Amino acid sequence: MLLLQAAAEAVHPLAGTAADWIWLVVALPLAGALVNGVLAMITEWHPGPFDPDPIHTGEHPVVSEPTLVERAERATPRFMTVIEGHAPYPPAPPEGEGHGDGHGDHAEEADHARDEEAHAVRRHPFLPLVSIVGTGSVAAAFVVAVMAFLAMLAAQPERPYVARYFEWMAAGSLKVEYAIHLDQLSMVMTLVITGVGTLIHLFSTSYMRDDGAYARYFAYLNLFVFFMLLLVLGASYPLMFVGWEGVGLCSFLLIGFWFTDKANADAGKKAFIVNRIGDFGFLVAMFLIYWNFRAFDFGPVSEAARALPPGTAVATAIALFLFLGCTGKSAQIPLYVWLPDAMAGPTPVSALIHAATMVTAGVYLVARSGAIFAAAPAASLTVVVVGALTATVAALIGLKQWDIKKVLAYSTVSQLGYMFVAVGAGAYVAGIFHLVTHAFFKALLFLGAGAVIHSVHHAFHVTGRDDDAQDMRNMGGLRRAMPLTCYAMWAATLAISGIFPFAGFFSKDEILGATFAQSRGSALAEATWLGIPGTAILLGAYVLLLASALLTAIYMTRMMLYTFHGDNRTGERQRPHLHEAPWPMLVPLLVLGALSVVGGWLNVPPLLGFLGPVGVLEHWLEPVVAAPAQALAAGRAALSHGAEYALVGAAVLVAAAGIAIAYVRLRPARLRPKAESPAEPPGIERALANKLYVDEFYDGAIVRPTLYASKNALYTGLDVGIIDRIFVVGLGWQLPRLFAYVGSRLQSGVVGSYAWVLVIGVVLVLGVFTLR
Amino acid sequence: MPLFYTFNFYLFGIIAIASALAFVTRKSPVAAALWLVNTMFSLAALYVMLDAHFIGVIQVLVYAGAIMVVFLFVVMLLNLGQGSATTTDIRAWRGRLAAGAVGVVLVAQLLTMLRVRLPEPGPDAAPPVNAITGVADSLFTENLVAFELTSVLLLAAIVGAVVLARRTAPDGADEPGADA
Amino acid sequence: MITESLFFSAILFAIGAIGVLTRRNAIIIFMCVELMLNAVNLSFVALSKLHGVAGQTFVIFVMTVAAAEAAVGLAIIIAVFRHFKSVDLRNINLLKG
């Protein structure tokens, strides 16, 4: 059997090529995480039960236990100098120099320098090592991934390459292994994750430079990349679930990175808990999969699903539970509420996790389980409905947000809705295409926002002003201070709006086109969803997506206008400190900007075939997704050329209209800084600004009743009332007391009673014999 | 002959039981001891009728003649002859009733076991003409070690009795000529 | 014969047991124990008629041991009497826990 397997594997065109090293792609970030983890332990961990400064800012007046490195330093004074080659900390700031008390007659340059010096920060020991290990491990993984990609290009395999390593679980007929499933879909995801990941790691080396917990950050970030790669490269649903849970864990760790602030810790908790609800769905789906198909690996499961007639209850149930997992991980209705709160984490984290990679895991899952979703048209229509609704609602909410990161968060939720409409409608290629382009421009937007926030925060910090560095009302006119960032973000804005020829145009247009085309007589359109015919669903989704495109253009342009254009609202004292980002932050922005421009050429539609090679991504993904796509699209009427042009035109028109509306209607000049801004006018504006009160609704409808039931029914009633009363007090206290009482009464010292006991005992023993 | 035998058997049996009952209900220890002696005599008769002549003799000599005498000596020594006046020697009626119930239960159990366990005695084995020979044989060959050990036991008992009953003066020294 | 003997033996044993439970005078209780031993002896002798001479041998041992036990036991009772000035069981309760 082993020999047969080996023989079958040896026949795979990828065996023996660079693709054999694919395990390195997963292992390298893990190694980086471990190394950085050890470095974090020795430099940031203060042992002992009470640590007043657990996130190692170094600013706490109360001294806790020294970290291991500090201890080494005290023991051998030149320890860090020897290790790093120079003294680690900048000299103490000059005494008696105040700041912020009116040096109006001094030159601005001296002011600037003094402010900077006064706030010179202790640099993290081992900073270069951590940066190199952190960024290098992901970069090396990217290199290996590229090599495997080139091998795949050369070999053009028709079936997936499954490399099995160790056995994980074996119980009866159940067998799960540590194995990597390398096919075209996982390759795309791997490249995106490692590529964009490297850029974000590079960005982080500069963004997080002044943070005391630098090593911990990179440890978590590398760990996240490891888990994400495990998710996309895992060969079976359980292994994918390990990655699924792991990215949820790392998301929690990174969102609550500055956990001494309760709001951040709460945001992390919220993300993890809401994710868990989705994970429950994933687990139930896995159980159903095994129960019905007796397999966990993707190949056998897809085969079994293909053998089912469309519309069975089994397939629908599995698909719906899988989608529940997706709503949790990929922030769709009803479980999207964690994503806006997740902006409490560092901005590069938002870029990597909540834009480019983790939230796309749901889309990947649906694409990977295409056979199951194709066998359950009702579930696919559910995906379409939820995606379309999410896209629209999130876009509406994003329209009235003032925090720059929240705008981008809701934008992410909205764009994920687009992707889900695509994969729900059976246009898997369109969904993955949008995933890739979205990774480019959304990561760019977040990183750019990070650069902006970094600059504004720096300006506030050195001038001693305590204000919200993320609020757009405190920005404005940053184009002059940060031109490159501005242009890069404009590229992303145009891309996300869907303006030709940026990347978003191609991917969005493909989704819109596919949804529209699918509504005309395809197998999916024939199905019904809660009685509503699929045609209506798909057309409605198309209309909603078009509306969301309009809204997207509006709110993105709004964001750009308020942040980069108009007059600067940051403040007189702060303005000189606003400057362009350093090169480790700029380079990723520019690279992603370039990708946002040219990314569209990954999948040029046939209509615009004059632009270049047509459908590269579609050809690439054909062996993986063509079958389920065909199953859902079967029988649909072809679109005429005129209709196709009309669709494209409509998309571009809507995008342009959005930008124009934003330019015309919004007046950045009327904005005041956040501290002076009026409250939102009541009505729809306030409702949107307050996120349509969804969080409050969940709190009142779900959280509070659960807490109340837990406290009163479960804790007071069951735990204290019954279990404590019976077992702890009863068995633990009353019963021994009873025995003690009986025992002490028996040992009375009265010989007569002893005789009684004797005789009774004899009677009892004889009784046993008699009764036998 | 069998009738005579049976009649005597039952006679002595009833005398034994009646004496035992009387023994258990006497207030005075002396009376109780004497009734016990009577019980033992009857039992000796039963032993003889069961062809254990030697045992019957031993019963009279040792049990009734020595052990019970010792009991009586102690009763006399401690001057308990009348039974104490302040306390009635017999407990309250509830205890007696419970004890009686236990006794009945015990008898019932023993009888049940008798019926279940024991086969009806078949034809009696021919008794040895001289009962003592069989016993002597068994005692001095198979059970010789046990026999010798009982002598050690008796020695230990004597020593123990002497030590335990010794009168110790307040300063710890023994009074010479302490009686047993 | 044998069955009747066993019957008597059981009754005598029960009477002895009742005596042990009922009486308060230590010496009388001791004598009840002796009665129980006698009942057992009767049992042994009766059964030796069925199963050979081992029963009687055992009876000899029982008697011997009973004698030894009586000696020691009575010595204890004397010692106890010296301490408590009484052989009433109700007064002998220093073992109380």
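Predicted model: local features only at pLDDT ≥ 70, side-chain atom pairs only at ≥ 80, totals over all residues.
A salt bridge, as the term is used in this talk, is a side-chain nitrogen of Lys or Arg within 4 Å of a carboxyl oxygen of Asp or Glu.

Let me start with chain B. Chain B contains six helices and zero strands, so that by the definition of these elements its order from the N terminus is written α-α-α-α-α-α. Of the 180 residues in chain B, 34% are buried. Consider next the contacts in chain B between residues at least 6 apart in sequence: 54% of them join residues at least 24 apart.

Chain B meets chain C. How many residues of chain B are in contact with chain C? The number is 79, and they touch 64 residues of chain C. Together the two chains bury about 6,400 Å², with 78% of that area on carbon and sulfur atoms. Across this interface the rule finds one salt bridge. It is formed by the side chains of B:Asp51 and C:Lys49, at 3.3 Å from N to O. The interface of chain B and chain C also has 10 residue pairs in polar contact, counted with both residues at pLDDT 80 or more.

Which helices of chain B supply at least two residues each to the side that touches chain C? They are H1 (2-25), H2 (29-49), H3 (53-77), H4 (93-117), H5 (131-142) and H6 (144-164). By class, the residues on that side of chain B divide into 54 nonpolar, 14 polar and 11 charged.

I now turn to one of those helices, H2 of chain B. H2(B) has 21 residues and reaches 30 Å from its first C-alpha to its last, close to the 30 Å expected at 1.5 Å a residue. Is H2(B) largely enclosed or largely open? Since 15 of its 21 residues are buried, H2(B) is largely enclosed by the rest of the structure. The two ends of the helix also deserve a look. After the helix comes B:Asp51, whose phi is positive, near 65 degrees. B:Asp51 is also the residue that meets C:Lys49 in the salt bridge.

Chain A also touches chain C. Here, 10 residues of chain A are in contact with eight residues of chain C. The two chains bury about 770 Å² between them, 74% of it on carbon and sulfur atoms. Across the interface of chain A and chain C the rule finds zero salt bridges, and it finds zero residue pairs in polar contact with both at pLDDT 80 or more. The side of chain A that touches chain C has six nonpolar, four polar and no charged residues.

The buried residues of H2(A) include A:Ile22, A:Val25, A:Val26, A:Pro29, A:Gly32, A:Ala33 and A:Asn36. Further along the helix, A:Leu39, A:Ala40, A:Thr43 and A:Glu44 are buried as well. As a general point, an α-helix has 3.6 residues a turn, so residues three or four places apart point the same way. What covers the buried residues of H2(A)? The cover includes helices H3 (68-75), H6 (127-155), H7 (184-207) and H8 (214-233) of chain A, together with strands E1 (161-171) and E2 (174-182).

Finally, some backbone details in chain A. A cis peptide bond joins A:Ile333 and A:Pro334, with omega about 5 degrees. A:Pro334 lies in the loop between H12 (313-329) and H13 (338-341). Another cis peptide bond joins A:Phe500 and A:Pro501, with omega about -5 degrees. A:Pro501 is placed in the loop between H21 (483-497) and H22 (503-518).

Where does A:Leu692 lie? A:Leu692 is in the loop between H28 (684-689) and H29 (694-746) of chain A. Its phi is near 60 degrees, a positive value in a residue other than glycine, and A:Leu692 is partly exposed, with a relative accessible area of 33%. A:Tyr693 is found in the loop between H28 and H29 too. Phi of A:Tyr693 is positive, near 55 degrees, and at 37% relative accessibility A:Tyr693 counts as partly exposed. Thank you.

How values were computed
Residues numbered from 1 in each chain as written. Chains lettered and ligands numbered in written order. Heavy atoms only, no water. Contact = heavy atoms within 4.5 Å. Buried area = accessible area lost by both parts, 1.4 Å probe. Polar contact = N/O pair within 3.5 Å; in protein donor to acceptor, adjacent residues only side chain to side chain. Helix = DSSP H or I, 4+ residues; strand = E, 2+ residues; numbered from the N terminus. Nonpolar A, V, L, I, M, F, W, Y, C, P; charged D, E, K, R; others polar. Expected span 1.5 Å × (residues − 1). Buried < 20%, exposed > 50% of the residue type's maximum accessible area, 1.4 Å probe, protein only.
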